[in-house]
Amino acid sequence: MRVYQTNEIKNIALLGSAGSGKTTLAESMLYEAGIIKRRGSVAAKNTVSDYFPVELEYGYSVFPTVFHVEWNSKKLNIIDCPGADDFVGGAITSMNVTDQAVIVINGQYGPEVGTQNCFRYTEKLKKPVIFLVNQLDSDKCDFDNLMNTMREIYGPKCVQIQYPVQTGPDFHEIIDVLIMKKLSWTAEGGAPKREDIPAEEMDRAMELHKALVEAAAENDEALMEKFFESETLTEDEMREGIRKGLITRSIFPVFCVCGQKDMGVQRLMEFLGNVVPFVSEMPKVHNTRGEEVAPDSNGPESLYFFKTGMEPHIGEVSYFKVMSGTVKPGDDLANADRGSKERMGQIYASAGANRIPVDQLNAGDIGCTVKLKDVKTGNTLNAKEVEQRFDFIKYPNSKYSRAVKAVNAADTEKMMAALLKMRQEDPTWVIEQSKELRQTIVHGQGEFHLRTLKWRMENNEKIAVQFDEPKIPYRETITKKAKAEYRHKKQSGGAGQFGEVHLIVEPYAEGMPDPVSYTFNGQEFKMNIKSKEEVDLAWGGKLVFLNSVVGGAIDLRFMPAILKGVMDCMERGPLTGSYARDVRVVVYDGKMHPVDSNELSFTLAARHAFSDAFKNAGPKILEPIYDLEVFVPSDYMGDVMSDLQGRRALIMGMDSEAGYQKLQAKIPLKELANYSISLSSLTGGRASFTTKFSSYELVPNEIQSKLIADHEAEQANEDE
Ligand SMILES: Nc1nc2c(ncn2[C@@H]2O[C@H](COP(=O)(O)OP(=O)(O)OP(=O)(O)O)[C@@H](O)[C@H]2O)c(=O)[nH]1
Ligand SMILES: [Mg+2]
């Protein structure tokens, strides 16, 4: 296969909401480029792009698929990204390594929440955007209305290059106001007939043409001057202006296609080939030190790995972008993230499930290799003379979690190995072995995301697994002060045990001054703080431990043993056995025995005294509260709000963003457990949300009583 130079390579991501038609479009693109002789379809399960069993099973893209086509002797690397929010990880990684986003819009619905999610990522990464209105052959498509919404959302930057003469099943003609031609197709699609624009369309076409000329001219001073002089630009000048506008994100051209019937696809490819920027024209990316890295084939070799695929019969396939330098089989490289050494084996250009061996890939190109030892998604491999890493945008927090266990306990180890392997393919799966909850928890982006994991576990790995709702990491704390004392005394044969501890507990809040005195039942206890220890608890919150023992009643050397006794109780709160937090303890008195006192005695005495005091200090259960942001089309706002109210959510704000509503709320984690499923069913999958841990708050009394009762029942069960 030919080796392409950096100024002959373009990297393009196909993005857009779930089901907008990216995979179907990719099929037509491959067909138009002559790579495949027949177009497959998602329904017939024979597309180039969706080839994993799990994708065929569900009829959705789960992984981004990398392929390439040659167009006018230029190489277009194209990545077909999954659209569902659940698989956003794949879309994000793809955006990291491409220079042009083609955002596909489902002509039936217009811009959706999923469209906006993609757009926001392109904003963060400053990537050029082309909008592609697809499914124009659907009866539900109302193009004018769709364009109005687009302009409302994206403003005047959204510039039409094309419009359909009619939509619905009769769709077969487009007016292109860049080349000022009418394009039309027979039922087979493919190459369009190019004709003059008919008289009845001329006014509309001219108006859009002028707007396009003006928008193109705005990106270049010379073009602007020319435009003022002659009020027009040549086609090539317009292309130049649009290319500049794409790079600076001052123009978002809108194209029209019907991917399924292969109408408009050839023209789109022509535009991609002629106008969108080459790798060499894009602003330079930065490494983690903030230094610019140019896609220079003469620079030091540096590869960024953006995807790991597990291909049947082959194993791990690692996909990379050449950030600088060139790569050849046999190159010796160092992994900047993991410190290991690697030797590159055969390198390939990616073609969906297939790979085409190549001798060399130059800076800016995308390819893959197999049989690397220790390379994970997100790693950088460098030649000796350079040491750099790349760290592009972060993945969103997980939104849906399930406790997972092997149905057959003997499979547990195998299950863990499979989970960790899958995580390499999709870093948005987070595997947590929670000691606290005694569960293995898989966190993902949605119910569907985890369902695919379960499906693959059962069908590909042949391990039966069970999913349960994960336990909630409750905390315990106290709400008032209390005091207690305890004497631990044991006389049995030889040396005895003796320790007595008097202590006071109270709720701790950040910035509290040290106590001066306490009053219990009219009696005052004056404090004289001798030492203070602030323990930042591993599970969040604090324990503050004060020594105010008078007159050497307890030797200083026993203080650590007393703190240990307190910590033992903090690790297992008396209400539900959850971790306790935000407590201040003052040890103010006690007793020693000259012979029998030892550390163990004081630990035991402290445990009892602390536990008694804690129980009398108005103990309460705390639950984790999350910040929730929901993006929802306005029509569903009422349903989404009332559902949230039923989930004990506190609505914090509502914003009307272009085309949809943004709702902010605080919500208990317990109520988020199935939120992804509910929101999806309430809105037909047209909403999305993000979550972030906020704080621990007291649970309402009736829930506290239920949690305590449940815990007691569980204890009784375990004791049986
Ligand atoms: N009528 C019509 N249907 C289309 C068109 N393009 C795609 N479809 C249908 O829309 C559905 C989704 O198509 P896909 O190509 O899988 O969409 P996608 O964007 O890849 O979906 P995800 O990978 O899940 O994000 C399929 O049933 C397609 O047959 C089109 O141009 N017209
Ligand atoms: Mg797809």
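Visitor: Of the contacts in the protein chain between residues at least 6 apart in sequence, how many in percent join residues at least 24 apart?
Guide: A contact means heavy atoms within 4.5 Å, and among the contacts in the protein chain between residues at least 6 apart, 70% join residues at least 24 apart. This is a predicted model, in which local features need pLDDT of at least 70 and side-chain atom pairs count only at pLDDT 80 or more, while totals for chains, interfaces and linings use all residues. Residues are numbered from 1 along each chain as its sequence is written, chains are lettered from A and ligands numbered from 1 in the order in which they are written, and side-chain values use heavy atoms, with hydrogens and water left out.

Visitor: Why is E8 called buried?
Guide: Buried means under 20% relative accessible area, exposed means over 50%, and partly exposed lies in between, with a 1.4 Å probe and protein chains only. E8 has a relative accessible area of 19%, and therefore counts as buried. Leaving aside neighbours within four places in sequence, E8 is in contact with R2, V3, K74, K75 and F278. In the protein chain of 720 residues, 57% are buried.

Visitor: Why are K45 and K371 put in the classes they have?
Guide: K45 has 45% relative accessibility, a value between the two limits, and so is partly exposed; K371 has 72%, which is over 50%, and so is exposed. Each also has a positive phi in a residue other than glycine, near 55° for K45 and near 65° for K371. Most residues other than glycine have a negative phi. K45 lies in the loop between α1 (22-32) and α2 (53-58), and K371 in the loop between β20 (366-370) and β21 (380-382), where helices (H or I, at least four residues) and strands (E, at least two) are DSSP runs numbered from the N terminus.

Visitor: How do you know on which side of α16 its buried residues lie?
Guide: The buried residues of α16 (residues 675-683) are Y675, S676, S678, L679 and T683. They cover an arc of only 165° around the axis, so they lie on the same side of α16, the arc being that of the directions from the helix axis to the C-beta atoms. They pack against β22 (400-406), α11 (447-459), β35 (620-632), α14 (637-645), α15 and β38 (688-698). Just after α16, G684 takes a positive phi of about 60°.

Visitor: What makes a set of residues a nonpolar core, and which residues have the most contacts inside the largest one?
Guide: A nonpolar core is a set of buried Ala, Val, Leu, Ile, Met, Phe, Trp, Tyr and Cys residues joined through side-chain atoms within 4.5 Å. The largest has 109 residues, and L15, M29, F131, I242, F271 and L272 have the most contacts inside it. Helix α6 (residues 199-217) gives the most to this core, with 7 residues. A second, separate core of 36 residues includes L537, V549, L563 and A580. L272 touches K10, I12, M29, L76, V102 and I130, not counting residues up to four places away in sequence.

Visitor: What classes of residue are found in the lining of the second largest pocket?
Guide: That lining has 9 nonpolar, 5 polar and 14 charged residues, where Asp, Glu, Lys and Arg count as charged. α17 gives the most to the lining, with 8 residues.
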